[in-house]
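User: I would like to learn how to read some features of a protein model. Could we begin with charged side chains that pair?

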Amino acid sequence: MTLFLLLIAVVVIVCILATRLSSKFGVPTLLIFILLGMVFGSDGFSFDDFIISEQICTFALIYIMFYGGFCLNFNSAKSVLIRATIMSTLGVILTCGFVGLFCYWVLHTSLIEGMLIGAVMASTDAASVFSILRMKRLNLKAGIAPLLEMESGSNDPTAYMLTIIILTLLSSGKTNIYTLIFSQIIFGIISGVVIGLLAKNYLDKIQLNEVGLKSIFVAALALLAYALPVALNGNGFLSVYLFGIILGNSRLKKKVSLVHFFDSISHMMQILLFFLLGLLSFPSQIPDIIGSAILITLFLTFVARPLTVFICLTPFRVPFKQQLFISWCGLRGAASIVFAIMTVVSPAYTNNDIFHIVFFVALLSITFQGSLLPLVAKWLKVEDDQNDTMKTFNDYS
């Protein structure tokens with residue numbers, strides 16, 4: 001037990017100190033957490049309990065998504081609400097379809113398994129994108145940052161729903177898909193909105209005098225916002241994200257203390273999540289999937305994502321260079337790998353090592369897209385020093 005606690009302390013300290021390297025060399029912080037996990041990885045420790053890992057990762061993702069909604073400044077996002085919603089719904093479906101067909105035609109998977117790979121990788125990673133924007137203080141032209149923030153924060157529920165649907169079809173095919181889609185959306189929205197409005201109207205009236213108790217109470221509400229719809233076969237991630245948006249844009253007493261608490265919790269969960277994902281990987285198995293993963297990465301980065309962005313945003317007359325930049329910001333990360341873990345623990349049979357394929361795609365995405373993001377912004381001339389990107393976040397405000 002002592003050795004285990006010592007290991008946890010060392011890992012957390014090393015992860016936090018390693019963020020200095022991120023600032024100095026421009027390497028995305030989350031990449032460092034993954035690489036440290038790989039150093040301690042499965043080939044050395046023989047850690048391969050995906051069932052426990054899925055539960056831990058889901059728990060971490062709940063608070064990451066809640067804080068993503070909590071930090072979204074809805075006033076700044078109103079102008080891009082429609083296009084962000086289209087990107088996080090239709091955009092995810094299109095990405096899933098494009099990648100699925102690519103896997104079917106080029107990698108010769110079955111069509112449904114190709115769609116499963118596409119669904120798992122259809123959402124972008126908010127933590128990866130905005131850790132870079134915050135770290136580099138990258139000020140973007142008006143509308144880009146709120147669009148990226150809302151899209152990347154809200155597209156995980158759609159990808160999760162697609163993953164659940166396809167796994168259900170692979171497992172039995174007996175479930176009514178239309179009923180599943182209805183329950184996912186309706187129970188997810190209702191739960192998040194109702195719990196959010198109740199917290200908005202009654203949280204201060206409960207009069208929790210201790211600041212710490214108020215933070216813990218909200219943390220428990222976030223768990224409730226996830227667990228309640230899941231118990232009703234609804235979308236827990238959609239619910240907890242909506243709960244975060246409502247609470248984050250409410251006038252609450254001692255709200256600053258909530259920001260500090262959940263900012264720390266969110267960072268801790270990111271360390272836990274990305275380190276654990278690195279720990280789960282078997283580096284010795286990566287050579288077997290490296291060819292497929294590279295092909296998917298290239299297709300996703302240079303074909304599927306740009307095509308999706310152009311289809312969704314061209315009707316809104318978004319400038320071409322801004323669309324190119326938004327395309328480049330389609331980093332894959334934690335959520336995709338967590339959904340890949342779901343495919344491992346699911347009873348559905350797959351012929352491909354989806355976890356390691358998605359893991360390596362996310363690794364390449366965070367490394368190259370993430371590292372080059374500031375240069376791409378400069379090259380496409382989407383920077384605007386008169387527009388402080390940080391003001392789009394509630395925690396900054």
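Analyst: Side chains of opposite charge can pair when their charged atoms come close. Here, Arg305 forms a salt bridge with Glu151 (a side-chain nitrogen of Lys or Arg within 4 Å of a carboxyl oxygen of Asp or Glu), and the closest N and O atoms are 2.8 Å apart. The pair links distant parts of the chain, since Arg305 is in helix H15 (residues 286–313) and Glu151 is in helix H9, 154 residues apart. Helices are DSSP runs (H or I, at least four residues), numbered from the N terminus. This is a predicted model, in which local features need pLDDT of at least 70 and side-chain atom pairs count only at pLDDT 80 or more, while totals for chains, interfaces and linings use all residues. Residues are numbered from 1 along each chain as its sequence is written, and side-chain values use heavy atoms, with hydrogens and water left out.

User: Are Arg305 and Glu151 buried or exposed?

Analyst: Both Arg305 and Glu151 are buried. Buried means under 20% relative accessible area, exposed over 50%, and partly exposed in between (1.4 Å probe, protein chains only). In helix H9 (residues 144–154), 11 of the 11 residues are buried, so this helix is largely enclosed by the rest of the structure.

User: How many salt bridges does the structure hold?

Analyst: The structure holds 2 salt bridges. Besides the pair already described, Lys214 and Asp204 meet through their side chains at 2.8 Å, N to O. Lys214 lies in helix H12 and Asp204 in the loop between helix H11 (177–202) and H12, so the pair ties together parts 10 residues apart in sequence. Lys214 counts as buried at 5% relative accessibility, whereas Asp204, at 21%, counts as partly exposed.

User: How should I read the packing of helices H16 and H18?

Analyst: Two packed helices are described by the angle between their axes and the distance between the axes. Axes are lines fitted to C-alpha atoms, for helices over the stretch in contact, and angles run from 0 to 180 degrees between N-to-C directions. For H16 (residues 320–328) and H18 (residues 354–379), the angle is about 160° and the axes are 10 Å apart. That makes H16 roughly antiparallel to H18 (an angle over 145 degrees).

User: Which residues of H16 meet H18?

Analyst: Phe325, Ser327 and Trp328 in H16 contact residues of H18 (heavy atoms within 4.5 Å), including Phe368 and Leu372.

Conventions. Helices (H or I, at least four residues) and strands (E, at least two) are DSSP runs, numbered from the N terminus. Angles under 35 degrees count as roughly parallel, over 145 as roughly antiparallel, 65 to 115 as roughly perpendicular and the rest as oblique.
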